[in-house]
Amino acid sequence: MIEIGIDSFATAIAPPGSGVDVQPDRLLENLLTQVELGDQVGIDAFGVGEHHRREFLDSAPAVILGAAAARTKRIRLTSAVTVLSAADPVRVFQEFATLDLLSHGRAEIIAGRGSSIEAFPLFGFKLEDYDELYAEKLELLLKIRSGTHVHWEGKHRPALTGQGVYPRPIQNPLPIWVGVGGTPESFVRAGTLGLPLMVAIIGGEPRRFRPLIDLYREAAVNAGHAQEKIKVGLHVIGFVGESAKQAAEDFYPGYAHTFTEIGRERGWPQVDRAKFDALRGRTGALFIGDAETVAEKILYVNEALGGISRVSFQMTVATLPQTKLLRATELLGTQVMPMIQSSEERSKRVNPTPSVSFA
């Protein structure tokens, strides 16, 4: 079954005149209300990102998720992503093991290198060590996960000589996904390690990731990992409205504002409505529309990518009014998810043998 998730960056910017309240304490309270609703309507997972800049309030995702754990019962709680390159793997494990205890076994880590660079100077790391830091710290994180008393030596952190890392989580092993963008080496690394893959898709066409996902699957098979470990998730920009037209009208102003602001730093082209509407098309990267349109796109992308395990919707890049954000959450759980489940059940009856290709 394809799981449906929601990701938030606790975005604190909004278009002038939008009327959206971005007062930090109120915004975080609204975020927790959304997680609660997601839990109630059956959303499978809720993720909180990690940034260290003015526009976002998610610099301490484990704290936010801990608050969410106390207000929910079943929804899985995950990072989206943990910027592992600039973090201490011991502290990351301790934080999420604690979250796992608080949530009675619902914590997950999505470990990535991070698409923003502000964490590196903030925590005293060199940007030129970007990949080396990540590879070394992921190795240590997995070693901590596999045993309490850790013997490890690396270049970027003092050695561990058998110290115990506590607490230990309920889940054994604690789920760790690898968050990736578009670097082939990252896909191969995840497959070789036998870790589930979370692919961030924010532009272009999702089907262009198929060769990279096939690299991941091939690396996993070659490394001898069981098929149940070979999981692909997608982090996408999406929003569900009462109609496709209304969803686009609601989402576009905030989307354009956010991507214009950040795009000035990254050299992205100017956001315009024509490009936005093109990306909303069947093959584009934006999952924005009414429930039926969004469900159809999920099923299309599932087929195009050879099978996916989770789709997580990033809705807060547009900094929407809370009423619309909650309604979108409700529609995801009460309309989109049943459509997906019904389609998958029909497919199983027609073709009981899984058709996912790992070639």
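Modeller: A residue counts as buried under 20% relative accessible area, exposed over 50%, and partly exposed in between (1.4 Å probe, protein chains only). This is a predicted model, in which local features need pLDDT of at least 70, side-chain atom pairs count only at pLDDT 80 or more, and totals for chains, interfaces and linings use all residues. Residues are numbered from 1 along each chain as its sequence is written, while side-chain values use heavy atoms, leaving out hydrogens and water.

Biologist: Is Ala10 buried or exposed?

Modeller: Ala10 sits in the loop between strand 1 (3-8) and helix 1 (24-41), where helices (H or I, at least four residues) and strands (E, at least two) are DSSP runs numbered from the N terminus. Its phi is near 50 degrees, a positive value in a residue other than glycine. Because the relative accessible area of Ala10 is 1%, Ala10 is buried.

Biologist: In which loop is Thr319 found?

Modeller: Thr319, a residue other than glycine, also has a positive phi, near 45 degrees. Thr319 is buried, its relative accessible area being 7%. Its place is the loop between strand 12 (310-314) and helix 11 (322-350).

Biologist: What is omega for the peptide bond that joins Tyr166 and Pro167?

Modeller: Pro167 lies in the loop between strand 7 (160-164) and strand 8 (176-180). The bond joining Tyr166 and Pro167 is cis, with omega about 0 degrees.

Biologist: What is the radius of gyration of the protein?

Modeller: The radius is taken over C-alpha atoms, and the globule rule is 2.2 Å times the number of residues to the power 0.38. For 359 residues a compact globule would be near 21 Å, which agrees with the protein's 20 Å.
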